[in-house]
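Colleague: I would like to learn how to read a fold from its coordinates. Could we go through one case together?

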Amino acid sequence: MEINLPPFEIKLREEHGKRLIFDFLRRRYVALTPEEWVRQHFVHFLVEQKGYPKGLLANELELRVGEKRLRCDTVLYDPALHPQMIIEYKAPSVAITQRVFDQISVYNMLLHVDYLIVSNGLQHFCCHMDYERQGYSFLKDIPDYSDLNHVVGVGGLLRG
């Protein structure tokens with residue numbers, strides 16, 4: 001499956017007729033879906049190319065709102081273990097639309113992070129939140145870990 005992310009050493013296996021891929025954050029093999037293919041490439045990209053500490057990343061974080069359960073694809077924590085970034089993945093065949101941004105915004109109402117990223121493996125969008133001005137800015141690139149909290153982007157207003 002062709003995507004716009006750097007390659008990494010992929011560990012695959014088959015079990016009971018299902019293809020699995022090793023998730024180095026969860027330390028186990030998980031079902032290989034198109035979305036999982038994007039997730040694994042993206043987290044390796046963050047750790048290997050952008051300097052993100054793997055110990056501060058978590059895949060498939062469950063959030064609860066009353067009886068409802070939501071699942072964030074990946075969350076980056078700051079060194080004090082406060083959520084700092086939410087990353088939402090889609091399969092390469094899924095277009096990144098306003099609906100995808102609406103989905104990640106729901107997660108952010110609970111976590112109140114500084115950064116939101118959406119990727120389908122072909123396109124990647126990163127926003128820096130500005131709660132004081134009730135806005136956000138799209139960044140030109142995914143920031144290196146060392147540059148978080150020091151980025152300037154192109155402005156926008158939060159939808160209310």
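Modeller: We go from the whole chain to its sheets, then to single residues. Note that this is a predicted model.

Colleague: Which secondary structure elements does the protein chain contain, and what pattern do they follow along the sequence?

Modeller: The protein chain has 2 helices and 10 strands. Read along the sequence, the pattern is β-β-β-α-β-β-β-α-β-β-β-β.

Colleague: How does the radius of gyration of the protein chain agree with that of a compact globule?

Modeller: A compact globule of 160 residues would have a radius of gyration near 15 Å, and the protein chain has 16 Å, which agrees. The C-alpha trace spans about 50 × 40 × 35 Å along its principal axes. Of the 160 residues, 44% count as buried. The accessible surface comes to about 9,300 Å², and carbon and sulfur atoms account for 50% of it. Among contacts between residues at least 6 apart in sequence, 45% join residues at least 24 apart.

Colleague: Now the sheets. What is the strand order in the open sheet of 3 strands?

Modeller: Strands of a sheet pair through backbone hydrogen bonds, in a parallel or an antiparallel sense. In this open sheet the order is β1-β2-β3, and the pairing is antiparallel. β1 (12–15) and β3 (28–31) stand at the edges with a single partner strand each, so one side of each has no neighbour in the sheet. Neighbouring strands here are turned by 45° against each other on average, direction ignored.

Colleague: Is strand β5 largely enclosed or left open by the rest of the structure?

Modeller: In a regular strand the side chains alternate between the two faces of the sheet. For β5 (residues 68–77), 7 of the 10 residues are buried, so this strand is largely enclosed by the rest of the structure.

Colleague: Which strands does β5 pair with?

Modeller: Strand β4 (residues 57–65) is joined to β5 by 8 bridges, and the two run antiparallel. V65 stands opposite K68 there. These strands form a hairpin with 2 residues between them, and G66 in the turn has a positive phi of about 60°. β5 also pairs with β6 (residues 83–89), in the antiparallel sense, over 4 bridges. In that pair Y77 stands opposite P83. The hairpin of β5 and β6 has 5 residues between the strands, and L81 takes a positive phi near 70°.

Colleague: Last, where does D102 lie, and how far apart are D102 and R26?

Modeller: D102 lies in helix α2 (residues 98–111). With a relative accessible area of 32%, D102 is partly exposed. D102 and R26 are 76 residues apart in sequence and, C-alpha to C-alpha, 27 Å apart in space.

How values were computed
Residues numbered from 1 in each chain as written. Predicted model: local features only at pLDDT ≥ 70, side-chain atom pairs only at ≥ 80, totals over all residues. Heavy atoms only, no water. Pairing = 2+ DSSP bridges. Axes fitted to C-alpha atoms, helices over the stretch in contact; angles between N-to-C directions. Rg over C-alpha atoms; globule rule 2.2 N^0.38 Å. Buried < 20%, exposed > 50% of the residue type's maximum accessible area, 1.4 Å probe, protein only. Contact = heavy atoms within 4.5 Å. Areas by Shrake-Rupley, 256 points an atom, 1.4 Å probe, with all protein chains shown as cover.
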